[in-house]
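Trainee: I would like to learn how the words used for a structure follow from its numbers. Could we go through some of them together?

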Amino acid sequence: MKPMHIAECVRSNLEGYLCDLGGSEPDSMYDMLISVVEKPLLEVVMQHADHNQSKAAQWLGLNRNTLRKKLLEHKLID
């Protein structure tokens, strides 16, 4: 079986989300999606970077302070 690319997974899940709304209009989908995708992205990258914020920030193309802010927002650090 061919593995699904991330974009295909997102597309498929968004289609399911919209169908599950049963005709109701969605609200704040952009913020919801960014939040839902951002947290696992940060978790996986931090794990693979051995929790080195400088290395993780570089991998993500973020400033280290921006990464730290996002980690705090998602309660991934104290």
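Mentor: Keep in mind that this is a predicted model. On its surface, Met32, Val36 and Val37 form a nonpolar patch, and together they have about 230 Å² of accessible area.

Trainee: Why is Glu38 called buried, and which residues does it touch?

Mentor: Glu38, whose place is in helix H2 (residues 29-48), has 15% relative accessibility, and because buried means under 20%, Glu38 counts as buried. Not counting residues up to four places away in sequence, Glu38 touches Lys70 and His74.

Trainee: How do you know that the length of helix H1 agrees with what its residues should span?

Mentor: Helix H1 (residues 6-20) has 15 residues, which at 1.5 Å a residue should span 21 Å, and its end C-alpha atoms are 21 Å apart, so the two values agree. Just after H1, Gly22 takes a positive phi of about 60 degrees.

Trainee: What makes up the largest nonpolar core?

Mentor: That core has 8 residues in all, namely Leu42, Val45, Met46, Ala49, Ala56, Ala57, Leu67 and Leu71. At least two residues of this core come from each of H2, helix H3 (53-60) and helix H4 (64-73), and H2 gives the largest share, 3 residues. Leaving aside neighbours within four places in sequence, Val45 is in contact with Ala56, Trp59 and Leu60.

How values were computed:
Residues numbered from 1 in each chain as written. Predicted model: local features only at pLDDT ≥ 70, side-chain atom pairs only at ≥ 80, totals over all residues. Heavy atoms only, no water. Helix = DSSP H or I, 4+ residues; strand = E, 2+ residues; numbered from the N terminus. Buried < 20%, exposed > 50% of the residue type's maximum accessible area, 1.4 Å probe, protein only. Contact = heavy atoms within 4.5 Å. Expected span 1.5 Å × (residues − 1). Patch = residues over 30% accessible without salt bridge, like charges linked within 9 Å, V, L, I, M, F, W, Y side chains within 5 Å. Areas by Shrake-Rupley, 256 points an atom, 1.4 Å probe, with all protein chains shown as cover. Salt bridge = Lys/Arg side-chain N within 4 Å of Asp/Glu carboxyl O. Core = buried A, V, L, I, M, F, W, Y, C linked by side-chain atoms within 4.5 Å.
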